[in-house]
Amino acid sequence: MFEKIVVAIDGSESADSALEIACDLAKKYQSEIHLVHSPQLETTAIAVGYGAVEINPNPKAVEEAGKQVMDRAVEKATALGCVPGECIISNGDPADEILKAAEAAKADLIIMGRRGLGRLSSLILGSVSQKVSHDAQCACLTVC
Ligand code: ATP
Ligand code: MG
Ligand code: MG
């Protein structure tokens with residue numbers, strides 16, 4: 001069960017929890033984990049701690065910040081004894097990129113945070129986790 005697990009990374013605490021659970025399951029089921037991150041103008045700078053006021057719309061800065069978000073996740077997974085099989089950084093709509101990565105890998109589970117970095121809205125689920133759980137062709141786990 002759970003041969004391939006896709007974990008959605010956005011640099012948030014919820015995504016960190018998603019990664020912890022993914023690593024735990026991966027060790028139990030000998031699953032391969034794939035990390036997916038889709039750098040966004042509004043959130044990558046926040047994710048690496050620059051603060052909202054210093055968001056730089058320069059695409060190079062976003063690309064750099066995206067790499068940092070992924071590097072941190074790889075470091076965390078490795079420390080938990082789980083080396084990711086693939087680390088995908090892809091531009092586009094985050095939910096679409098997560099769904100594409102899951103289909104390409106023939107993943108049998110997607111794990112993501114219930115919320116992410118855009119905590120302003122009062123919804124219980126964020127827009128990305130909502131769209132992914134609605135459209136996914138495999139099991140999805142959203143974690144707090
Ligand atoms: P919203 O973005 O709708 O304002 P939010 O940021 O609180 O709300 P989501 O963006 O849906 O909530 O985040 C829920 C989870 O989806 C995150 O914990 C993460 O696992 C995944 N996710 C969100 N954005 C991305 C992204 N850019 N790349 C990869 N995964 C993402
Ligand atoms: Mg978000
Ligand atoms: Mg958003």
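Helices (H or I, at least four residues) and strands (E, at least two) are DSSP runs, numbered from the N terminus. Axes are lines fitted to C-alpha atoms, for helices over the stretch in contact, and angles run from 0 to 180 degrees between N-to-C directions. This is a predicted model, where local features need pLDDT of at least 70 and side-chain atom pairs count only at pLDDT 80 or more, while totals for chains, interfaces and linings use all residues. Residues are numbered from 1 along each chain as its sequence is written, and side-chain values use heavy atoms, with hydrogens and water left out.

**Exercise 1.** Describe how helix 4 and helix 5 pack.

Step 1: The axes of helix 4 (residues 94-105) and helix 5 (residues 127-135) lie 9 Å apart, at an angle of about 40°.

Step 2: Look for contacts (heavy atoms within 4.5 Å). From helix 4, Pro-94, Ala-95, Asp-96, Ile-98 and Leu-99 meet Val-128, Lys-131, Val-132 and Asp-135 of helix 5.

**Exercise 2.** Find where Ser-31 sits and decide whether Ser-31 is buried or exposed.

Step 1: Ser-31 belongs to the loop between helix 1 (13-29) and strand 2 (32-37).

Step 2: Buried means under 20% relative accessible area and exposed over 50%, with partly exposed in between (1.4 Å probe, protein chains only). Ser-31 has 11% relative accessibility, so Ser-31 counts as buried.

Step 3: Beyond its neighbours within four places in sequence, Ser-31 is in contact with Phe-2, Glu-3, Ile-5, Leu-25 and Ala-26.

**Exercise 3.** State how many residues of strand 1 are buried.

Solution: In strand 1 (residues 4-8), four of the five residues are buried, leaving the strand mostly covered.

Definitions and conventions
Chains are lettered from A and ligands numbered from 1 in the order in which they are written.
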